[in-house]
Amino acid sequence: MEVLETLYNEIIRFLGVSQAWDLLKSGDYAAFRTYDGIVSLIYPIIPLLLLLELILGFIYKKPQTKVYKVNFLIYIFNRFVGRFIAIAMVTLIIGLLQPIAPFQTKLTWYWFIYGYIVWEFGHFLYHYWGHKVRLFWCLHSTHHAPEDMNLSVTHAHFFLEAPYADTIRTTVCILLGVQPELLFLIMFIDGTWGAFIHIGENFLKDGRLGFLNNIILTPSHHRVHHAKNPLYMDTNFCNLLNIWDKVFGTYQNEEESIKLEYGITREMNSGNFFDVYFGEIVCLVKDVIGAPGLKNKLLYIIMPPGWSHTGDHKTAKVTRDEFRRNELNLDVQLDVQVMDGE
Ligand SMILES: [Zn+2]
Ligand SMILES: [Zn+2]
């Protein structure tokens, strides 16, 4: 019976309902109006949406089972390791860096906006490097392996990615004076939104969310981020406020004419846990071993994915620039044809 009890506890934990369940049992319904009460009600939203989405997938006969299966395995694998290291890193950084921050924010609405902008900057840095430094791409690529989009992709992460991401985001926030309480509030909102933007087309066909698409980062923007189409690669690194994408020129809207193709560009088996989880590490090790000289070996580790010691680079930037050039040429040719026709 112990197995059943463990299973029951794990399901309750996955669904995120234990806090709300405890409050319900206590009979203290007023507690739902407190911060903790509200949080306890928001937690289960994403897991419930995930289950609904899975059911809808079966109804529409587009269940994307391969993605769910591998992401479920990843969830189980990560459940016992990654989170604990990340929490330890956050605690350590707060302890070390908070004393040297030049000032401390307070829990007010304007400091909240300040804190969120700073957090997004930290998020941008972690995510940008996750795509532009090959070693960090090894940690991040697991998240980009699925060839379909649904809420289970939220759980597709290499177990060392959370510690790496939280180290950078927390360092930036604490050094720029964001106090821990405010940081945890932002982390909660950002985590919930960060999960929601993976909602799939089975549930939400148009991810633009109407006028919100002009103001914040929507599921549509994040679908673009997960796409391997040349125009879309390495764009939309932000999470909720996409100001930093606009500042650094990585902002990209979803184009009607381009059908989203999810996944990563190398040949891989996205239904194979080992390939999804360790595939990029294997590729990097092969490249490092095959590279001539120590300098080239090191460059493979720190240069963007697709960089080659032969000079024949296949990075996202090269692919995107080439696509743009072809598009421009096509436009010029069309213009000439139109002028000829006149
Ligand atoms: Zn990414
Ligand atoms: Zn994502």
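Where does UniProt place the feature "transmembrane region"?

Author: Happy to. Please keep in mind that this is a predicted model, in which local features need pLDDT of at least 70 and side-chain atom pairs count only at pLDDT 80 or more, while totals for chains, interfaces and linings use all residues. Residues are numbered from 1 along each chain as its sequence is written, and chains are lettered from A and ligands numbered from 1 in the order in which they are written.

The unreviewed UniProt entry puts "transmembrane region" at residues 41–60, 72–97 and 109–129; such positions use the numbering here, feature names are shortened, and annotations may be inferred rather than shown by experiment. Helices are DSSP runs of H or I with at least four residues, strands are runs of E with at least two, and both are numbered from the N terminus. Residues 109–129 are 100% helix and 0% strand, with 30 Å between the end C-alpha atoms. For residues 41–60 the figures are 85% helix, 0% strand and 29 Å.

Now to the core. A nonpolar core is a set of buried Ala, Val, Leu, Ile, Met, Phe, Trp, Tyr and Cys residues joined through C-beta atoms within 7 Å. Buried means 20 or more other C-beta atoms within 10 Å of the residue's own, exposed means 12 or fewer, and partly exposed lies in between, with C-beta atoms placed from the backbone. The largest such core holds 51 residues, and Y164, C173, V178 and C238 have the most contacts inside it. Among the elements giving it two or more residues are helix 4 (45–59), helix 6 (82–97) and helix 7 (109–132). Helix 9 supplies the largest share, 7 residues. Two residues are in contact if their C-beta atoms, placed from the backbone, lie within 7 Å. Leaving aside residues up to four places away in sequence, C173 touches G115, V118, W119, G122, V178 and L183.

Further along, helix 11 (219–226) is mostly covered, with 8 of its 8 residues buried. These include H221, H222, H225 and H226, and the buried residues of helix 11 pack against helix 8.

Two loop residues deserve a look. Most residues other than glycine have a negative phi. L209, in the loop between helix 10 (180–196) and helix 11, has a positive phi of about 55°. D234, between helix 11 and helix 12 (243–248), also has a positive phi of about 55°. L209 is partly exposed, because 16 other C-beta atoms lie within 10 Å; D234 counts as partly exposed with 19.
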